[in-house]
Amino acid sequence: MGLLTSTLLKKTCLITGLLLLLISCNQEQKEYVEKIDLQPSSALQKMYLNDLQNCAHYIDSLTLTSHIDSLKDYFKKARTEFKKIEPVLSFNDLNNYNFLNAPNILKVEEEDLTDIKINEPCSFQTLEEELFSDTPEIASVQKIAGKIHTRLLVLLRNTDLEFFKPYHVLWLVRKQFIRTATTGVTGFDSPVLESSLMDAVTAFAKAEQILELYDHKFTNSKLKSSWKEKFNQSEQFLKNGNFEDFNRYEFIKSYIDPMLVLWNDTAKDWKVAFPLQMAMDNNASSLFSKEALSLDFFADQKVTPLTEEKIALGKRLFNDPQLSTSKTVSCNSCHKSELAFTDGLVTPSGLNRNSPSLTYSAYQQGFFYDKRAGSLEGQIVSVINNSQEFHSDLKSFSAHIDTDVTYLKDFKKAYATPISQHAIRTAIADYVRSLNYWDSKWDRNIRNEINTLTASEINGFNLFNGKAKCATCHFAPVFNGTVPPEFMETEMEHIGVPLIATTKNAIIDPDLGRFKLFKTANRKHFFKTPSIRNIALTAPYMHNGAYKTLEEVIEFYNLGGGSGIGITDQEFQTLPADSLNLSTQEKTDLINFMKTLTDEEFLKKEYAEN
């Protein structure tokens, strides 16, 4: 599948997912504010526009003063108002939300060679990093504030929530819970102030206020009380923490997951019929469960139920060397099941990039390290065609299968279809989609099925999501670069990976990564952020296999990535150059946490072999 087609499909998914919820209008903002209506959607509109107007007012104030303390004060007030509008804005107008909340790095959009957009960031994060730097430039602060203010005014004039239905409201409330758990409390959008916890208090208070507008929908008064109690408990838990010491594990386990259960109960109580599935399944009751994310959402075609017959057929194809031209290569050659579907090599023979794990790879928006394929099926075709891998094509690939009676029977049984090129790549892709187990020590503990995590492992997770800043690129629950809660984009980063492991005087690896596709200058050395699930089994690490151990990987990040080990000539590195200042024990805790992400599936094999 082409990159353009893939992108269009994702945009279509977004548009369809929101069901063309809202219709832009050209009425003046004051007409909305003055309108009084007891209908919940009208009350929601009035509330939202009032918060939006306050946000615009404080941002505009930044353009009217040069006093640094006043600038900082207005920014903090504006940011608080922004967090109030976040639940509605991020659901109703994702493009504008992403613009206003973007990281302070260049935004590159590559549709094809004729359509490449490079946009300078102009967001609350940009403003925060500029304003709270050692030497803030007042003119720059005011310029950014002016652009943000203009965008907010456009929103004031063109927002209509009158068509919101109860299921829209439930979706936006749940999205806020997931956002807070996965990016909010990590410092993802507050890189300097690290105001994540109070941001969460503000956003949760607004989510509660929104639910209260639909108070009449509740038939179960106990359910209403449960919501109030859980919101109050969450607020106190957030207020009693600080960024570095906050127990994010306990927050998800005792507050976010129970809220997901309440959310499901509320959907039933309101008798809501959801018209479609979003990325997060409408029945999800735990963030870290196999049922939480919809495989359909990440596929470029509807995924039929993964039956035992389909998985068995895909597995047979995956392991069959007869399908390669040499009759010696199979998918298993580079993706061995006992190594969490990696091969343990720096790079496979004839290739220049490390073999990534296939576990949890279904939850991505882009495949290969450079994201040159838009789907699992597309990746499979590329591997088959690669002269250094299968050195074949789907037509030749299927010729062997057509002569095998058992294959003929298996395809008919699994897919009720004759063998075809489409069916072959679907079968292999479906097998790869099944490699998501969600049964690691971590998953079972946070789901409250067992209670075996050590203090070091829990602290490692809290560090991962806090001080160590790992979760600002490796997002829960998959711990890859697919950004929740929309899961529409899998990020790429330039972290300055060296040619060989070293702690000083490093030379950057010559692989240009994403640059090779479109020759966009500021995409040199950009690579997709992989999942760290099963990471204890997938050494060596990085796209070039430069690091042999997790200890080496942690030290690389602790020193400040490429910049911290001497690679200082890369303008577009996305990793902050500052040292994380992790103690020896903190490094150990991080590694101990990551080891809890090994699925029971692989531990069973390890025990059996020993």
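In which loop does Thr482 lie? Thr482 is found in the loop between helix H19 (455–464) and strand E3 (492–493). The views below show a predicted model, in which local features need pLDDT of at least 70, side-chain atom pairs count only at pLDDT 80 or more, and totals for chains, interfaces and linings use all residues. Residues are numbered from 1 along each chain as its sequence is written, and side-chain values use heavy atoms, with hydrogens and water left out. Helices (H or I, at least four residues) and strands (E, at least two) are DSSP runs, numbered from the N terminus.

View A. Thr482 counts as buried because its relative accessibility is 2%; buried means under 20% relative accessible area, exposed over 50%, and partly exposed in between (1.4 Å probe, protein chains only). The side chains of Thr482 and Thr490 form a polar contact at 2.8 Å. Such a contact is a pair of N or O atoms within 3.5 Å; within protein, one must be able to donate a hydrogen and the other to accept it, and residues adjacent in sequence count only if both atoms are side-chain atoms. Apart from neighbours within four places in sequence, the residues in contact with Thr482 include Phe298, Tyr363, Gln364 and Phe475, where contact means heavy atoms within 4.5 Å.

**View B. Covering of helix H19.** Of the 10 residues of H19, 8 are buried. These are Ser456, Glu457, Ile458, Gly460, Phe461, Asn462, Leu463 and Phe464. Among the elements that cover the buried residues of H19 are helix H11 (248–269), helix H18 (441–446) and helix H23 (584–595).

View C. Pro485 is placed in the loop between H19 and E3. Pro540 belongs to the loop between strand E4 (527–528) and helix H21 (550–558).

**View D. Positive phi values at Phe341 and Asn505.** Phe341, a residue other than glycine, has a positive phi near 65°. Phe341 is situated in the loop between helix H13 (308–318) and helix H14 (376–385), and it is buried because its relative accessible area is 2%. For Asn505, also not a glycine, phi is positive and near 50°. Asn505 occupies the loop between E3 and helix H20 (515–518). With a relative accessible area of 68%, Asn505 is exposed.
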